[in-house]
Structure formats: C-alpha cells, structure tokens
Amino acid sequence: MYNYKHYCKNLHKYIHIVDVCFFTVSQEQIKNLYQRFQQLSGNHEKISRDDLERIPALNNNPIRKQIITAFFDKRNQHQNDVGSLDEIGFEQFLMVMSHFRPVNSTATEEEKVTVRKQKLRFLFNMHDTDNDGIITLDEYRTVVEELLSQSGAIETEVARSIADAAMLEVASTNVPHMAPDDFYEGITFEHFEQILKGIEMESRMSIRFLDMNTATMRCGKLSS
Amino acid sequence: MDPIRRSSTLRLTGLLCLLFLVFFSRGFASHDVVSEKSSGTTQEDSRSQANSTAHKKTFPVLSFNYEHVRTPFEISLWILLALFMKLGFHIIPTVSHIVPESCLLIFVGLLVGGIIKATGEQPPILDSNLFFLYLLPPIILDAGYFLPMRPFTENIGTILMFAMVGTLWNVFFIGGMMYAVCQIDAAKLAHVDLLSCLLFGSIISAVDPVSVLAVFEEIHINELLHILVFGESLLNDAVTVVLYHLFKEFAHEQAITVTGAVLGVISFFVVSLGGVMVGVIYGIVGAFTSRFTSYSRVIEPLFVFLYSYMAYLSAEIFHLSGIMSLIACGVIMRPYVEANISHKSYTTVKYFLKMWSSVSDTLIFIFLGVSTVAGPHTWNWIFVIFTVIFCLVSRVLGVIGLTAFMNKFRIVKLTKKDQFIIAYGGLRGAIAFSLGFLLNNNEIKNLFLTAIITVIFFTVFVQGMTIRPLVELLAVKKKKESKESINEEIHTQFLDHLLTGIEDICGHYGHHHWKDKLNRFNKTYVKRWLIAGERSTEPQLISFYNKMELKQAMMMVESGSAAKLPTIVSTVSIRNVQAKGSPKPSRAISKSREEEIRRVLRANLQNTRQRLRSYSRYELLNDALEDDISEARFRKQKEMERRMSHYLTVPANRQETPPVRKVFFQQEHKVYTYDDSESPRGRASPSCADDVSELKETPEKPDQSSTPRANRDAELKPKEQDDQGDQLKVSRCLSDPGPNPEDDEDSTFLP
C-alpha cells in the first residue's frame with residue numbers, strides 16, 4: 001500500500017520533474033514507479049543504499065556499485081551540487097530515472113541534442129568518480145576492471161591494456177598532434193561526446209516504461 | 001580521347017567474342033540434347049566397336065567422345081558464362097552505375113535464351129529442383145551466417161510482424177482482388193476459381209531474399225532498413241510454404257473446410273518452429289563438432305557447409321521451412337564455431353560462402369531470363385496488369401498499416417521515408433517463379449507463370465533501377481562506415497549492464513533483463529560444452545580487443561612493410577596518456593603476453609624444422625603468410641609493450657646502431673625478464689602453432705629462464721627481419737627522449 005494522499009499531493013511536482021527534460025510521461029507510469037519506490041523503501045519516505053543493494057537481481061551485475069552510487073550522486077539531480085546523498089526521496093529517484101526515458105519522436109533537433117547531452121552527462125558522471133570534470137586513466141581503468149570483474153579470473157594487466165588502448169584512441173582522435181612531452185590529462189566531457197557520437201544515445205540509453213504494469217512488478221500487495 | 005575509346009572498344013569486342021564463343025559451344029552442346037536417349041546406347045557400341053576395331057584399324061591417336069563429359073561440361077560452361085558476365089559488368093563501369101546487376105543478368109539471360117531458341121533448340125528452363133536444392137541454399141546460408149545479430153534481435157518484433165502478418169495480408173488481398181478481376185466478363189477468365197487465385201496470391205506475395213539482397217547491397221542503405229526488409233524476406237518463407245501447400249491441396253477439392261483452415265494454422269506453427277528447431281539441432285551439433293576439429297584443420301570449413309546444408313535438406317524432407325532452418329543453423333553455429341576454428345578456416349568459410357552465393361545469384365538471374373524466353377506463355381492483358389497493380393497497392397497498404405501498429409511499440413519509430421523504402425523494397429524474384437513452375441500442368445499454370453514473370457521483371461527492372469535515385473532524392477540515411485572503436489565497444493557493454501541494472505531496480509522485466517539472462521546462461525552452460533579449451537571463458541571485451549589487434553597486425557602484413565602502420569596517425573603515444581608520477585607497472589610483462597611471445601617464437605622455431613620435412617598434401621604447413629601474421633602480431637605486441645611501458649624502450653642511440661645481433665640480444669633479455677618468484681615450469685608440448693588464435697589462451701606460468709637462451713641461436717634468423725621492423729618503428733616513435741634514466745633497471749638480467 002502506498003501513501004495515496006502523499007502521492008496525489010505531489011503528483012504535479014513529479015510530472016514537472018520529468019517534464020523538465022522534455023519527456024512526456026503518463027500518470028500511470030509515475031504511479032508505477034511510485035509503487036516500486038514504496039516497495040523498495042519498505043514504505044518509508046526515503047531509500048538508502050542498503051535498500052538498493054538488497055535487490056537480488058542486481059547481484060549478477062558487474063557494475064552494480066556504480067549504478068547504486070549514481071542514484072545517490074548529487075550531480076544527477078541537476079542542481080549544480082556535488083557530493084553524494086545518504087538517502088533519496090521519490091523526487092530524486094524520479095530525477096535519476098528520467099535520464100532513461102526515450103525521446104519523443106515529435107521532439108525537435110535541439111531537444112534531441114539536449115537529451116543526448118544529458119544522457120551522456122549521466123554516463124560521464126558515472127565514470128568521473130572524483131568529480132574533477134575529466135576521466136583520468138585510473139578512473140577509466142577502474143571502469144574496465146569492473147566490467148570484466150564478473151568474467152572469472154582476469155588479469156589486471158589485460159584490463160589495463162584495454163583501458164590504455166581506449167585512452168590512447170580518445171587522445172588520438174581528439175588531440176591528434178601532441179608533442180612528446182605533453183600530457184593528456186584525461187577525457188573531458190567534449191571528448192567523451194566526440195568518441196561516443198557513433199552510438200545513438202537517445203534510443204540506446206532508454207527503457208520502455210510503457211509496458212511496465214503493476215502485474216509485472218513483484219509487489220507484495222497491489223493497490224488500486 | 002582516342003586511346004581511351006580504343007581501349008573501351010577493345011574491351012567490348014573482347015567481351016563480345018567471349019560471348020559468341022560461349023554461345024557457340026553451348027549451341028553445339030545442346031545440339032546433343034535431342035540425341036540423349038540414343039547416345040546412351042551408342043556409347044556402349046562405340047566403345048566396344050573401338051576396342052574390336054582396334055585390331056583391324058590403326059590405333060586412333062585422337063578421338064572425340066563428348067557424351068562422356070557432357071553434363072559436367074555444360075554445367076561448367078553455364079557457370080563460366082555467369083562469371084564472365086559478372087566480370088564484364090564490372091569492367092564496363094558506366095552501365096553498372098545506372099542499372100543494377102540483376103537487371104543486366106536477366107537481360108543477358110534473355111539474350112542467351114533468344115540465341116538458343118534461334119538455333120532451333122529448346123532452351124533449358126530453371127528447373128525447380130535445381131533451384132531449390134542447389135542454387136538457393138548458398139545464398140541463404142551466406143545471408144544467415146553473416147546476419148548482423150544485434151539489429152536483427154532488436155527489430156525482431158517488427159520483422160516478424162512484416163513477415164507473417166504482412167505476407168498474409170498480401171496473399172488474401174491479391175488473391176481476393178484477382179478473383180474479383182476474373183469475374184469481369186471482358187477478361188474471359190471465368191474459369192479461374194477462388195482457390196486458384198488464392199494459390200496465385202500465395203506464390204506472388206512473398207518478398208524474395210535473392211532480389212532484395214541483389215538490389216539492396218548496391219545502394220548501401222542504413223542498417224535498420226536493410227535488416228527490416230531483408231529479415232522479412234527471410235522469415236516469410238514459412239508463411240509462403242504453408243499457404244502454398246494448403247491451397248495446392250485444397251485446389252483439388254475445390255473448397256476449404258473449417259478444419260482445413262484450422263489445420264493450416266497449426267501447420268504454420270509446425271512449419272516455422274519445426275524448421276527453426278531442425279536448424280538449431282544441426283547448429284549445436286556443428287558447434288560441438290568444431291570443438292574437436294583442431295586435430296584436422298583442413299576439413300573444418302566443410303563441416304560448417306555440410307551441417308548447414310543437411311539442416312536445409314532435413315527440413316525439406318518434412319516440408320518444414322528450409323530457409324528458416326538454414327538461418328537458424330547458421331546463427332546458432334556461428335559464435336561457437338568462430339571461437340573454435342582457426343583463422344584460416346574462418347577466412348575459407350567466409351570466402352567460399354561469398355563465392356558460392358555470388359555464383360548462385362548470377363546463375364539464378366540468367367536462368368530467369370532464359371526461362372522467360374523458353375516457357376510457354378499465355379498473355380492476358382487484364383490479368384497481368386491488374387496483378388502488377390494489386391501487388392504494389394497491397395504492399396503499400398500493408399506497410400503503412402503495419403508500421404502504424406508497430407510504431408506504438410518501437411523506441412525508434414519508422415518515419416514516412418522509411419515506410420516508403422520498405423514498401424518499395426518489396427521485390428519479387430526467382431522463388432515465386434520456381435513455386436509457380438511446380439504447379440500442375442494446366443492452362444492456368446501458363447497464365448500464372450506469365451503474370452509471375454511480369455511481376456518479377458517489373459519489380460527487378462523498374463523498382464530495382466529507380467530505388468537508387470529515389471534513395472538519393474529522399475536523402476535516406478546511408479550505411480555508416482563503422483570504424484571499430486574500442487571505446488564504443490566498452491560503452492556498448494557498459495550500457496547493456498547499466499540498463500539491465502536500471503530495469504532490475506524498476507522491477508521491470510524488459511528487453512535487457514532477458515538478454516542478460518540469456519547471456520549468462522550462454523556463458524555458464526553452453527559455451528563450456530561447445531567451445532574448446534580456454535576460449536570458453538574469454539569475455540567478449542577481450543575477444544573484441546584481440547580481434548582488433550589481429551586485424552591491425554594483418555593490415556601491417558598486407559601493407560607489406562611496417563612503415564605503413566595505420567595505427568600511428570597521430571603523434572600521441574601512451575607516454576602522453578600515462579601520468580608522469582603514476583606508479584610504474586611491474587617489470588614483468590603480463591603472463592599472457594609472455595606466453596604468446598613464447599609461443600610465437602616456438603612456432604618460428606618449429607617452422608625452421610618443418611621446412612625440412614617433405615611436402616604432404618594433407619598437412620598444413622606453416623606457410624609464409626601465417627609466419628608473417630605471427631611475426632606481425634609479435635611485432636605489434638612488442639610495439640604496444642614499448643609504447644606502454646616507456647622505460648622498457650631501448651634509448652634512441654642504441655637502436656640506431658647497425659649491429660643487429662647486439663640489439664637483438666638486448667631485446668631478448670628485455671622480453672624475458674621474470675620476477676624471481678616465478679617457479680620454473682616444464683616446456684609445453686609444441687602444439688599446432690599455426691593457429692594464431694591460440695595465442696590468446698589462458699596464460700600459463702612462464703618458462704624457465706634458461707630456455708630462451710638456448711633458443712636464441714636458432715631463432716636469430718627468423719627474427720632478423722623483425723628487428724628491422726622494430727627499428728623502423730622505434731625511429732618513428734621519436735617521442736622517446738635520450739637514454740632513459742631508469743635504464744639501469746634493465747641490467748638486472750636473468751637469474
């Protein structure tokens with residue numbers, strides 16, 4: 001059971017949050033997400049990291065730590081804040097989820113560009129853990145190591161060489177002529193956009209909330 | 001101007017001479033068609049006669065016996081004709097830009113058929129048996145084996161919708177409308193009943209994979225549209241098969257009962273799912289077999305071909321969908337087989353498939369042209385024209401309707417431009433003709449055949465020729481030149497996991513959730529059974545990385561010299577990327593690298609031994625190319641090593657010095673530097689080292705330090721050319737400063 005009154009009171013706020021990002025979303029979908037949120041938080045107002053870590057299906061995911069951290073990352077709340085929160089409310093939860101909405105086919109080119117930037121920003125924040133605005137070699141190495149972490153005993157050297165090669169590729173494409181003593185600090189957001197321009201983020205990084213109905217969620221009790 | 005004109009006219013005359021030569025010999029060959037029956041008996045007589053008369057006459061120094069080799073001779077002539085045509089079109093560039101190859105081939109077929117008919121012979125018709133058993137499978141296998149899985153699975157819903165519902169709609173619309181047309185008195189077609197019309201509809205409505213491939217390949221359209229139309233053309237085979245047999249059966253009884261219809265629906269599921277099942281079984285067996293083929297690498301490609309062909313034939317035994325079986329077999333088999341077979345076998349498979357499908361494709365179109373000239377025709381203006389019109393109309397309506405429905409479920413919606421291309425790309429081809437040819441002989445058959453041929457001609461000529469300018473006009477997105485980038489690969493995988501995670505947090509069992517489950521199932525159970533050795537545990541990112549390295553190494557070999565290394569397009573080296581203050585990686589190079597390097601060196605050692613062995617036809621010796629690839633890989637790895645751990649680089653002044661041997665020694669020492677903690681290990685048995693892919697097996701403990709020293713002398717010779725490559729490379733990596741301050745660490749030699 002969820003707190004229906006509380007939900008209705010804030011519904012307009014929730015719709016506003018998601019609409020800010022040029023998405024349209026139905027009330028049905030917000031309701032579903034709210035139900036899920038209540039289920040995860042055990043009917044409390046806020047979710048903590050433990051609540052998310054308790055989800056069994058996430059155990060097989062090699063990057064679960066990064067995903068969970070992303071939820072509590074203040075940078076993803078679009079408020080120019082840095083750091084991380086200990087607990088998040090439904091609004092913040094929705095804010096993070098809104099990064100995964102597909103783009104309307106009626107959106108203009110500008111809107112598509114903005115959406116794409118936003119999604120890339122989310123990814124960038126996931127990699128840039130110390131929030132200095134660039135992804136350094138060490139951070140990238142961590143990313144690759146985490147990706148390969150579930151595949152059995154992988155030598156760190158292999159992960160390292162892959163990360164090094166990837167970094168080299170970024171450097172070569174973005175700054176093709178560097179003097180021998182120059183140092184490529186790390187991947188900035190512009191470079192990040194550049195190397196991923198082959199992937200259509202607007203459509204790839206999205207989840208179909210459409211077919212999410214209460215029946216597919218493993219809620220304890222369904223409410224009307 | 002003059003020399004150009006002269007050369008082009010020369011080419012044309014040459015081509016024409018070739019043509020006439022071929023036609024002449026065929027005319028000569030088909031002359032014997034008439035005397036087929038008698039030739040069998042006379043052959044015996046002539047042989048015995050020759051023997052008996054040998055005693056009386058002089059021994060015939062030169063005799064002529066054509067009957068003996070007639071069939072293979074004619075087949076070869078036809079194939080040669082097809083190949084010359086293909087060659088000819090590419091030599092004459094102007095025509096092939098405007099007209100797609102398939103049109104030209106049909107035209108040539110018409111010519112050939114005309115010539116044969118003019119000489120008074122009956123030109124051969126595209127025999128349905130020949131088509132379905134020999135000409136079609138290579139094309140489908142080629143398509144299925146190289147089917148791009150990601151876009152296919154992402155759009156599978158839309159593809160199935162178009163293939164099943166779209167084809168059904170086409171069948172009933174065309175069948176119904178043609179029946180209505182037949183009722184018009186002016187057409188004099190009252191004898192054509194509803195069932196025959198429906199049968200006709202089922203033959204003509206299926207989009208043909210051969211034609212689609214032939215035309216779409218030349219226009220380089222974007223991946224989404226290509227996979228939609230092409231996938232549809234492959235998967236509609238099940239519907240076609242079921243409806244064709246259904247209506248053919250009922251044409252006898254002149255009526256469809258309700259039970260008949262229900263059985264038809266059940267039959268549809270049996271045909272399609274059964275076909276897929278047969279393909280999957282053969283695919284798994286094939287993958288399992290490939291696990292053991294390391295013992296005899298030469299026959300590896302044959303397993304791939306034979307298993308796939310058997311899948312097709314087995315499905316055809318039970319009247320299941322052979323095409324779906326073939327596709328399923330190829331798709332299932334491919335990832336496991338590719339992990340198991342050697343690089344050479346992989347290249348062989350790829351090129352044989354391309355070759356066979358190319359020849360088949362050419363032959364099919366030529367035969368279509370010949371059959372047009374040959375077959376008895378019943379031309380009925382109204383019937384034919386209305387068929388063409390209704391085919392177009394039903395296709396357009398079907399596409400629009402289905403897209404409107406599917407767009408509700410798609411993330412990437414299909415625009416009007418996309419819909420137009422999909423509708424326009426619904427080409428008919430030889431499958432329709434062959435199915436029509438299999439009908440029972442009666443007057444309706446000729447009527448249908450004529451209409452079918454007209455539709456095929458219309459789609460291939462008109463739609464095929466105009467689609468390219470239309471694509472340009474509508475500015476449809478073209479195929480992206482995919483440059484394989486390791487960053488994209490990393491992020492594709494990252495995104496997959498991220499989206500799966502988000503779906504899990506939402507509690508939403510979506511697309512990614514199931515894909516992830518399937519991947520994990522694949523990794524834990526299936527791969528272990530079907531992939532040999534250690535490759536089964538290799539994660540995808542690493543295989544991708546290895547593939548890229550191999551590709552670059554091969555590019556190096558093929559470009560002839562190390563000077564053309566494509567990777568170095570910028571002056572950025574890993575030194576620019578690694579922080580100055582970053583902790584140096586440990587001195588020992590990774591175990592896997594060491595192992596690979598040792599294997600390569602061992603292989604080269606083996607090469608010098610093997611070259612002394614006598615040549616055996618059934619053994620694969622390490623030939624020069626494989627050596628080059630191994631060495632190129634070795635070079636590449638060493639280069640990467642050098643770029644990544646800069647202090648391992650020999651300082652500039654030392655590299656420039658001529659005495660190769662000295663440099664070589666030092667490099668050797670650098671390569672074989674071990675931590676003291678490594679325990680010695682016995683030498684592994686020299687396995688078949690011609691398999692480059694084996695280089696990436698799980699790293700084993702490094703060898704004893706003494707063995708490289710012993711090998712050094714033997715390996716000096718093959719490594720010399722290696723050094724020159726290295727010298728060139730290092731001199732290019734002029735990012736190296738002078739003598740490295742950390743160079744004193746190099747002096748710690750082997751214990």
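## Exercise 1: A proline and a tryptophan

Pro335(B) is part of helix H15 of chain B, where helices (H or I, at least four residues) and strands (E, at least two) are DSSP runs, numbered from the N terminus. Before going further, note that this is a predicted model in which local features need pLDDT of at least 70 and side-chain atom pairs count only at pLDDT 80 or more, while totals for chains, interfaces and linings use all residues. Residues are numbered from 1 along each chain as its sequence is written, chains are lettered from A and ligands numbered from 1 in the order in which they are written, and side-chain values use heavy atoms, with hydrogens and water left out.

Task: classify the exposure of Pro335(B) and of Trp379(B), and find out how far Pro335(B) is from Ile531(B).

Solution, step by step:

1. Recall the cut-offs: buried means under 20% relative accessible area, exposed over 50%, and partly exposed in between (1.4 Å probe, protein chains only).
2. Pro335(B) has a relative accessible area of 45%, so it is partly exposed.
3. Along the sequence, Pro335(B) and Ile531(B) are 196 residues apart, yet in space their C-alpha atoms are 9.2 Å apart.
4. Now move to Trp379(B), in the loop between helix H16 (343-374) and helix H17 (381-406) of chain B. Its relative accessible area is 45%, so Trp379(B) is partly exposed.
5. Trp379(B) and Phe448(B) are separated by 69 residues in sequence and by 9.3 Å from C-alpha to C-alpha.
6. Leaving out residues up to four places away in sequence, Trp379(B) touches Val384(B), Thr450(B) and Thr454(B); contact means heavy atoms within 4.5 Å.

## Exercise 2: How do two helices cross?

Task: describe how helix H3 and helix H5 of chain B are placed relative to each other.

Solution, step by step:

1. The axes of H3 (residues 70-91) and H5 (residues 101-118) of chain B come within 11 Å and cross at roughly 135°. Such axes are lines fitted to C-alpha atoms, for helices over the stretch in contact, and angles run from 0 to 180 degrees between N-to-C directions.
2. This angle makes H3(B) oblique to H5(B). Angles under 35 degrees count as roughly parallel, over 145 as roughly antiparallel, 65 to 115 as roughly perpendicular and the rest as oblique.
3. Among the residues making the contact are Trp78(B) and Phe89(B) of H3(B), and Leu104(B) and Val108(B) of H5(B).
4. By class, the contact residues of H3(B) and H5(B) are nine nonpolar, one polar and two charged. Here Ala, Val, Leu, Ile, Met, Phe, Trp, Tyr, Cys and Pro count as nonpolar, Asp, Glu, Lys and Arg as charged, and the others, Gly among them, as polar.

## Exercise 3: Where the two chains touch

Task: describe the packing of H2(A) on H21(B), then decide whether Asn61(A) is buried or exposed.

Solution, step by step:

1. Helix H2 (residues 27-41) of chain A packs at about 80° to helix H21 (residues 486-506) of chain B, with the axes 9 Å apart.
2. H2(A) and H21(B) are therefore roughly perpendicular.
3. Leu33(A), Arg36(A) and Leu40(A) of H2(A) meet Asp504(B), Ile505(B) and Cys506(B) of H21(B).
4. This contact of H2(A) with H21(B) has four nonpolar, no polar and two charged residues.
5. Asn61(A) lies in the loop between helix H3 (49-53) and helix H4 (64-71) of chain A. Its relative accessibility is 5%, so Asn61(A) counts as buried.
6. Among the residues that Asn61(A) touches are Ile67(A), His497(B) and Thr500(B).
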